[in-house]
Amino acid sequence: MTSSENGQRWEIDALVAELRELRLQSLENRHRREHPPKLPSRKVLSQIVDNLGAALFPNRLGMPDLTDEGIDYFVGHTLDSLLRQLHRQISLELQFIAEQHGLSLDTHSQASDITRQFAALLPSVRKLIDSDIQAAYEGDPAARCSDEVLVCYPGITAVIHHRLAHALYELGMPLVARVISEVAHSATGVDIHPGAQIGESFFIDHGTGVVIGETAIIGRRVRLYQAVTLGAKRFDKDDNGILVKGHARHPIVEDDVVIYAGATILGRITIGHGSTIGGNVWLTHSVPPDSLVSQGQNRTEVFAGGGGI
């Protein structure tokens, strides 16, 4: 059967026409008929982050046969290629923002500045990730070396994506940053909004089901277990019933806090430094430093265990 015959069999022409009408109607409803949006590519950004990992950790995430003499060339070549691709993705977001607001911007020049600033942040991002890897190794008795942590732990994969996404978020690229975060979310089950502020030596053990909201602030040396939520208690609306965007609505977790599996912490509350929050706790009020919060009947069991299996 020819391709033409297949098209008739499936009524492709009719489907294309119907989908075109729906697409055009959607653009009309959003006043975008003359300027259909061209957005950053999830596929391309996923590849960029993979290559960033290889450039930051060439011996472990790069090419397996790299020699000492060839590492710098590999890193330089990889960075040059991925930063060119990132520049294009940043340009697409800037163009999208400009069209939304009816602005005329030199997006190419602005994208170059943002890409250059992001590149300059990579050494500091690498240092933060090193601290996260060490925290995971020290915090999980099942970890036999830091190399295993880097290549195997979904929590570290999610945190690497977050460190990179947060840098772009801070540089005014929320859409590119969000796409990077959602790539990690799909791969690991860990949902960290790129706006969340997270200090050094951050460890998510096991990972699956962790949710960290946009305005969460997490201090240094904090450890979370699976299915922990740092979320919003309520969503304020304006006089027209529209959700208010951007205001602080997620928890502040101070230094040296441990939050065990299944805990749900909601609202702009503060978990004081050195506190331990037990498994499956539902918490909507602040607690002072060095607090121990748990379900009363499960207290012994919750705090007897450690990380890792």
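This is a predicted model: local features need pLDDT of at least 70, side-chain atom pairs count only at pLDDT 80 or more; totals for chains, interfaces and linings use all residues.

1. In H6, Phe118, Leu121, Leu122, Val125, Leu128, Ile129, Asp132, Ile133 and Ala136 meet a set of residues in H8, namely Ile156, Val159, Ile160, Arg163, Leu164, Ala167 and Leu168. By class, 14 residues of this contact are nonpolar, two are charged and none is polar.

2. How do the axes of H6 and H8 cross? They come within 10 Å and cross at roughly 155 degrees. Angles over 145 degrees count as roughly antiparallel, and H6 is therefore roughly antiparallel to H8. The handedness of the crossing of H6 and H8 is right-handed.

3. The protein chain as a whole should be kept in view. Its secondary structure comprises 10 helices and 14 strands. The C-alpha trace spans about 70 × 65 × 50 Å along its principal axes. Of the 309 residues, 44% count as buried. Among contacts with a separation of 6 or more, 47% are made by residues 24 or more positions apart.

4. Which residues have the most contacts inside the largest nonpolar core? They are Leu86, Ile90, Phe118, Ile156, Leu164 and Leu168, in a core of 37 residues. At least two residues of this core are supplied by each of helix H3 (42-56), helix H5 (68-100), helix H6 (107-139), helix H7 (146-152), helix H8 (154-170) and helix H9 (174-188). H6 gives the largest share, nine residues. A second, separate core has 28 residues, including Val159, Ile218, Leu224 and Val228. As general background, nonpolar side chains in soluble globular proteins tend to be buried together.

5. Residues up to four places away in sequence being left aside, Leu164 touches Val49, Leu52, Leu56, Phe118, Leu122 and Val125. Leu164 is also one of the residues with the most contacts inside the largest core, and it belongs to the H8 side of the contact with H6.

6. The pair H3 and H5 may be examined next. Their axes lie 9 Å apart and the helices pack at an angle of about 155 degrees, which means that H3 is roughly antiparallel to H5. This crossing is left-handed. On the H3 side the contact involves Val44, Leu45, Ile48, Asn51, Leu52, Ala54 and Ala55, and on the H5 side Phe74, Val75, Thr78, Leu79, Leu82, Gln85, Leu86 and Gln89. The contact of H3 with H5 has 11 nonpolar and four polar residues, with no charged ones.

7. H5 also packs against H6. The axes of H5 and H6 come within 8 Å and cross at roughly 130 degrees, so the two helices are oblique to each other. H5 passes H6 in a right-handed crossing. Leu79, Leu83, Leu86, His87, Ile90, Ser91, Leu94 and Gln95 of H5 meet Thr107, His108, Gln110, Ala111, Ser112, Ile114, Thr115, Phe118, Ala119 and Leu122 of H6. Here 10 residues are nonpolar, eight are polar and none is charged.

8. Most residues other than glycine have a negative phi. Arg221, which is not a glycine, has a positive phi of about 60 degrees. It is placed in the loop between strand E5 (217-218) and strand E6 (223-224), and its relative accessibility of 38% makes it partly exposed. Ala227 likewise has a positive phi, near 65 degrees. Ala227 is found in the loop between E6 and strand E7 (229-231) and is partly exposed, at a relative accessible area of 35%.

9. Is Val257 buried or exposed? With 0% relative accessibility, Val257 counts as buried, although its place is in the loop between strand E8 (252-253) and strand E9 (258-259). Apart from neighbours within four places in sequence, Val257 is in contact with Arg221, Val222, Arg223, Ile271, Gly272, His273, Gly274 and Ser275. From Val257 to His285 there are 28 residues in sequence and 16 Å in space, C-alpha to C-alpha.

Key: Residues are numbered from 1 along each chain as its sequence is written. Side-chain values use heavy atoms; hydrogens and water are left out. A nonpolar core is a set of buried Ala, Val, Leu, Ile, Met, Phe, Trp, Tyr and Cys residues joined through side-chain atoms within 4.5 Å. Buried means under 20% relative accessible area, exposed over 50%, partly exposed in between (1.4 Å probe, protein chains only). Helices (H or I, at least four residues) and strands (E, at least two) are DSSP runs, numbered from the N terminus. Contact means heavy atoms within 4.5 Å. Axes are lines fitted to C-alpha atoms, for helices over the stretch in contact, and angles run from 0 to 180 degrees between N-to-C directions. Angles under 35 degrees count as roughly parallel, over 145 as roughly antiparallel, 65 to 115 as roughly perpendicular and the rest as oblique. A crossing is left-handed if the near helix is turned anticlockwise from the far one by less than a right angle, and right-handed if clockwise. Ala, Val, Leu, Ile, Met, Phe, Trp, Tyr, Cys and Pro count as nonpolar, Asp, Glu, Lys and Arg as charged, and the others, Gly among them, as polar.
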